[in-house]
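Biologist: I would like to learn how to read a few features of a model. Can we start with strand pairing once it is on screen?

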Amino acid sequence: MPIQLYDTHSRSLQPLVAEAGQPLRFYCCGPTVYGPAHIGNFRTFLLQDTLRRVLEVEGQTVEHVRNITDVDDKTIKGAIESGLPLKDFTHQWTKKFHTDCAELNCLTPHKEPSAVKHIPEQISLIKQLVEKNHAYATEEGSVYFRVSSFENYGNLSRLKDREIKSQSKNSAGERNDADEYEREAVSDFVLWKKRKPEDGENFWSSPWGEGRPGWHLECSAMIETSFKGATLDLHGGGVDLCFPHHENEIAQSECAHGRPLCKHWFHSAHLMVDGAKMSKSLGNLYTLDDLRAKGFNPMAVRYALIAGSYRQQLNFTIETLHAAQSALAKLERFASSLLSKTEEPKSAFGQYIQPGNPKNLNRFTKAWEALAINLNTSAALGALFGVLGSNPATSMKADEARQTLNGFGTLLFALGIQLFTGKDAPLEIPEDIYALGQARWEAKRAKDYSRADSLRETLLEKGWTIKDSSEGFQIVPK
Ligand code: AMP
Ligand code: ZN
């Protein structure tokens, strides 16, 4: 049975299958490179990476394209503030993004087009839209998409149900040409922005005068170039992109090219902090570096970010990282006991982590099925720990241990989890110690300081120290 995934457009589970003889064409809206990506962004990129891995384990060839947004309101503002040319400013953050992706064990996309390198393609797309009367230039030299010219506008996010106010100006009588805007402000959106003084040197010539493309346009242009005009099988992004960004992508691409942009829409729910979306504008973010500085292994970060099902928001706390470290330690213990049966060193474990064949998953079939039906990472991890719980390695002979290692390795490949990652290997905190730490943290929060102090003492006697921060606690050996 093919992989099933919920599709935002049809609001139903749909099989993911490529056209016969073709790769499965998968496009993801990539990072805006104006600072380090935060772990909220990485939740989305990691879930996309996990989906790609699951498809590959199933035997599909995936053509994965993820763009780099290196020209928009935020990158231009950041470049000007830092005094660097836009190219140098975005290059440094693109490099940082790549380093973080590698640390989190993300597969590299097959293509990573840059928006700034696709300006001619974006201009040509606008020309087609103007010729077909789906877009119009204003006297001052900007170009807008005429939302009323596309009757399917709003279908993806069911905007029609919420009453589209198709308007080219906002209530203050100004045009809405910000790259991002709220649902209430549905309007003819900008395709070409007339040059403004605050853009500095970041402008290009066009038939409508000097300026730069609007943000939504870049994906339509890069999808067209990267996939050579073919309809996408799958398109992904965080839920915030569903409207307006993906609605606008659909409108631009379908009106210009006269064919569907994409068959299947994959939106993942947000990483939250105290009930709010993790975002740069709210300042409630963590980067991978922040968490490394607190002593966490990037693999624990990956584990924590994919451990919740993608359709549900995930609340991030430091405690979830401790739990992830303990879970990784358990997986390592299991791998070690299997390797002791096959008489192989830990260094041999890496060879088992590969796509393999889902038919040979044996004990891990239930975990695989959870991934295959709507990427249920949470149920998959539950099923995996169910297997570990019975401690099956103890009674195994070498052959069975090898078979189990193969199935285990295939499942870990699908999840993108690496074990025994060297100096950064997760610190193993025994469960009773972690539980004491948690009890002390709760006592402290409840202002029961005498209980909190006595639990701290108990931990010290057992050889562990607690370090507190505003977000939570960390347990380290004394
Ligand atoms: P950006 O770099 O802002 O263009 O965002 C890159 C990706 O991260 C997009 O797919 C966003 O939808 C996604 N994203 C942004 N914030 C979060 C969050 N708190 N949780 C999950 N995904 C997010
Ligand atoms: Zn996009």
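Biologist: In what sense do β9 and strand β10 (residues 265–268) pair, and over how many bridges?

Modeller: Two strands pair if DSSP finds at least two bridges between them. Strands are DSSP runs of E with at least two residues, and helices are runs of H or I with at least four, each numbered from the N terminus. Here β9 and β10 pair in the parallel sense over four bridges, with Gly 236 opposite Phe 266 in β10. Strand β3 (residues 24–28) also runs parallel to β9, joined by three bridges, and Phe 26 stands opposite Leu 234 in β9.

Modeller: This is a predicted model, in which local features need pLDDT of at least 70 and side-chain atom pairs count only at pLDDT 80 or more, while totals for chains, interfaces and linings use all residues. Residues are numbered from 1 along each chain as written, chains are lettered from A and ligands numbered from 1 in the order written, and side-chain values use heavy atoms, without hydrogens and water.

Biologist: How many residues of strand β9 (residues 234–238) are buried?

Modeller: Buried means under 20% relative accessible area, exposed over 50%, and partly exposed in between (1.4 Å probe, protein chains only). Five of the five residues of β9 are buried, so the rest of the structure largely encloses this strand.

Biologist: Which residues are the protein donors of the zinc ion (ligand 2)?

Modeller: Donors are N, O and S atoms within 2.8 Å of the metal (3.2 Å for Na, K and Ca); water is not among the atoms, so sites may look incomplete. The zinc ion has Cys 29 (SG), Cys 219 (SG), His 245 (NE2) and Glu 249 (OE), at 2.0 to 2.2 Å. Their spacing in sequence is C-x189-C-x25-H-x3-E. His 245 and Glu 249 are four residues apart in helix α6 (residues 242–257), so about one helical turn separates them. His 245 is buried at 1% relative accessible area, and Glu 249 is buried at 0%.

Biologist: Why is the site of the zinc ion (ligand 2) irregular?

Modeller: Four donors count as tetrahedral if all angles lie between 85 and 135 degrees; four count as square planar and six as octahedral if opposite donors are over 155 degrees apart and all others between 65 and 115; anything else is irregular. The angles among the four donor atoms here are 84 to 126 degrees, and the site is irregular.

Biologist: Which residues have the most contacts inside the largest nonpolar core?

Modeller: A nonpolar core is a set of buried Ala, Val, Leu, Ile, Met, Phe, Trp, Tyr and Cys residues joined through side-chain atoms within 4.5 Å. The largest has 82 residues, and Trp 368 and Phe 408 have the most contacts inside it. Helix α9 (residues 318–342) gives the most to this core, with ten residues.
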